[in-house]
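Here are a few exercises on pockets, interfaces and backbone geometry, each with a worked solution. Take a look at the model first, then try each task before reading on.

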Amino acid sequence: METPDQSFFHSLTAMESSGALSEALERITKSTVSDVNNAMERLPVAWPGFLALLSGPAENHLDEIKSLAKNLTAQRFGHTVNLYIPIYLSNACINQCAYCGFNSRMDIRRKTLSLDEVGLEGERLFNEGFRNILLVAGESRKDTPLSLMEQSVRALKEMGFVFVGLEAEPLGEDEYRILGEAGLDGVTVYQETYDREMYARVHKAGPKKDYQWRLGAPERVAKAGIRSVSVGFLLGLGEFCAEAVALAAHVKYLQKRFWQTSVSVSFPRIHQAPAGFELANAVSDTRLIKLISAMRLFNPDVTLTLSTREAPALRDELFGVGINQVSAGSKTSPGAYTVIGSESSAGEQFPVVDERPPHEVAEAIKKAGLEFVWKDWDKNLRPVA
Amino acid sequence: MDNDSLEIAGRKFSSRLLLGTGKFRSGQLMAQAIEASGSQIVTVALRRVDINNPRDHIMAHLDPSKYLILPNTSGARNAEEAVRLARLARAAGVSDWVKLEVTPEPRYLLPDPVETLKAAEILVKEGFIVLPYINADPVLARRLADIGTATVMPLGSPIGSNQGIRTKESIAIIIEQSPVPVVVDAGLGAPSHAAEALEMGAAAVLVNTAIAVAGDPPAMALAFKKGVEAGRAAYLAGLGKPLEQAEASSPLAGLPW
Ligand code: SF4
């Protein structure tokens with residue numbers, strides 16, 4: 001018989017059927033100013049405090065909450081922010097995610113980098129100073145077979161990148177193990193939405209329709225011995241509070257079961273989606289800031305990441321406020337750094353909002369009283385135990 | 001006090017404050033804090049620095065003729081990784097001293113006693129001067145000293161926690177038994193914590209977060225320097241024992257009333 005502990009899918013299902021999820025949501029709705037004040041009394045906050053920090057009344061105390069988040073981040077990570085940059089391996093994709101510019105129904109120029117082209121892109125970014133790379137691909141076994149991912153990871157590690165992450169379709173444990181042996185250090189796999197109905201609605205066709213397979217990916221990553229896994233939901237799809245609660249539960253679940261795996265959280269927010277896609281639950285800046293701060297106060301040790309999807313002013317405001325890792329200078333189409341150039345570029349996944357070059361972002365980080373860190377990892381720290 | 005030096009592996013240091021170099025908001029501020037602390041031993045996380053790059057943000061600020069640069073193996077999850085990092089530092093000419101850290105869980109960064117011992121054995125055999133970071137475990141401390149580590153570095157409380165010496169009873173036993181210098185590492189959040197460690201008889205302390213994250217790091221570094229000096233002076237002077245009941249500070253007998 002399956003126990004509720006077997007995977008986060010079962011845990012989440014149990015939370016739903018036992019009423020724990022709706023109870024949590026009710027607590028958020030009913031939270032008062034004094035609940036928010038109580039939450040701020042003792043750090044890190046426990047579960048009820050986390051819920052209070054997501055509430056409406058918390059918004060009136062945002063400055064205070066932000067400054068607590070800032071202090072805690074400094075205590076745990078120091079006055080530093082890590083930098084990384086994505087390399088898009090391919091924009092080929094067989095899925096039809098309604099919110100994504102790579103979905104198979106989009107009429108865009110498709111491109112998969114050859115291994116040489118991965119090398120060119122890598123070299124360019126290495127020379128700019130980057131040491132942390134996120135390799136990104138859509139889902140297409142034909143265009144981006146495991147062997148290409150494996151060779152790309154190996155090539156980037158050999159080039160001198162110290163941390164190589166992958167954001168692509170969810171793979172099986174054995175496949176993650178193979179990539180781990182090639183040097184892969186981390187995997188990013190967003191659930192997009194924890195809301196099953198919404199999940200079914202926005203994932204119209206393709207293997208990605210399998211909610212449970214995707215939800216189990218972080219566990220498979222951890223079991224395969226990859227050192228770090230990054231989770232998140234796409235802000236704008238499901239109902240904000242329900243997503244936040246599920247995400248926090250997911251993080252705790254992973255930390256409890258996989259004590260050697262480092263869990264990080266990202267906050268990708270949809271600003272602009274392909275024509276015809278209506279955002280059901282657009283997330284305001286205030287809510288985004290609230291979620292990031294609450295996550296930091298609830299979980300002081302997780303790395304919290306913010307990408308160039310967000311505008312410069314908001315990013316500048318959040319450097320160090322919970323956020324301790326950011327991308328800079330990102331381009332979201334394959335070959336955009338070198339091979340194809342920006343003018344005739346292959347279709348991009350989402351528009352980059354913070355278009356500042358890396359050195360300007362680094363300046364902004366400095367201005368925020370922080371040191372930007374290119375390298376916080378070493379190739380001698382191998383991914384597989 | 002002048003000839004009261006700290007001796008580790010035959011090398012003498014006048015300062016008993018070791019400094020970590022991570023977490024500062026700039027390399028310059030780090031350099032100022034080190035200067036103000038009077039520290040002569042600074043640890044550098046190998047995963048953080050580009051050791052072959054002289055322009056590296058941290059390395060560029062550390063003059064090896066002035067400081068003993070003590071590479072640490074933070075990030076290592078097992079003995080094998082720690083050993084590899086230590087060899088890397090030696091091959092790059094940084095140092096054959098190493099602060100051995102093996103922390104398999106990424107959240108509290110608590111040291112793994114089994115893998116630490118294993119790595120220490122290998123590194124000592126290879127001629128490294130090994131300073132292992134450990135939980136405040138007296139038996140482990142003995143075992144490490146037995147195999148030839150240069151110090152033991154028990155934690156006061158979890159790293160970055162600022163909680164001070166929560167492991168006091170065990171650290172007292174370690175100090176009492178240790179044939180090598182005991183350096184209290186991790187969790188010291190205030191100069192008074194550092195003073196307490198030295199009062200107890202610790203040979204030195206290692207501080208990073210409390211200084212790096214302070215509003216004014218150089219000023220805090222100076223405060224820690226004084227805390228360490230005060231604690232050491234008190235230890236040498238011989239602290240009075242705390243008593244259950246109040247006792248008059250001068251004897252009443254023989255007084256004219
Ligand atoms: S989100 Fe990923 S899987 Fe979905 S269409 Fe875009 S690239 Fe393909």
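**Exercise 1.** Find which helix of chain A gives the most to the lining of the second largest pocket, then describe that pocket.

*Solution.* Step 1: the helix is α5 (residues 62-77) of chain A, which contributes 3 residues to the lining. Helices here are DSSP runs of H or I with at least four residues, strands are runs of E with at least two, and both are numbered from the N terminus. A note on the model: it is predicted, so local features need pLDDT of at least 70 and side-chain atom pairs count only at pLDDT 80 or more, while totals for chains, interfaces and linings use all residues. Residues are numbered from 1 along each chain as its sequence is written, chains are lettered from A and ligands numbered from 1 in the order in which they are written, and side-chain values use heavy atoms, without hydrogens and water.

Step 1: the volume of the second largest pocket is about 430 Å³. A pocket is an open set of points on a 1 Å grid over the protein atoms alone, with protein on both sides within 12 Å along at least five of seven lines; a cavity is a set where a 1.4 Å probe fits but cannot get out, and lining residues have an atom within 4 Å of a point. Points are joined across faces, edges and corners, and the volume is the space filled by probe spheres set on them.

Step 2: 17 residues line this pocket, and A:Pro44, A:Pro300, A:Asp301, B:Tyr108 and B:Ser161 are the closest to its centre. By class, the lining has 9 nonpolar, 4 polar and 4 charged residues. Ala, Val, Leu, Ile, Met, Phe, Trp, Tyr, Cys and Pro count as nonpolar, Asp, Glu, Lys and Arg as charged, and the others, Gly among them, as polar.

**Exercise 2.** What kind of peptide bond joins A:Leu43 and A:Pro44?

*Solution.* Step 1: the bond is cis, with omega about -10 degrees. Step 2: A:Pro44 belongs to the loop between α3 (33-41) and α4 (47-53) of chain A.

**Exercise 3.** Describe how chain B meets chain A, using contacts and buried area.

*Solution.* Step 1: 30 residues of chain B contact 33 residues of chain A, with contact meaning heavy atoms within 4.5 Å. Step 2: about 2800 Å² is buried between the chains, and carbon and sulfur atoms give 45% of this. Buried area is the accessible area (1.4 Å probe) that two parts lose on being put together, summed over both. Step 3: B:Arg47, B:Arg77 and B:Arg107 supply 26% of the area that chain B buries against chain A, more than any other three residues.
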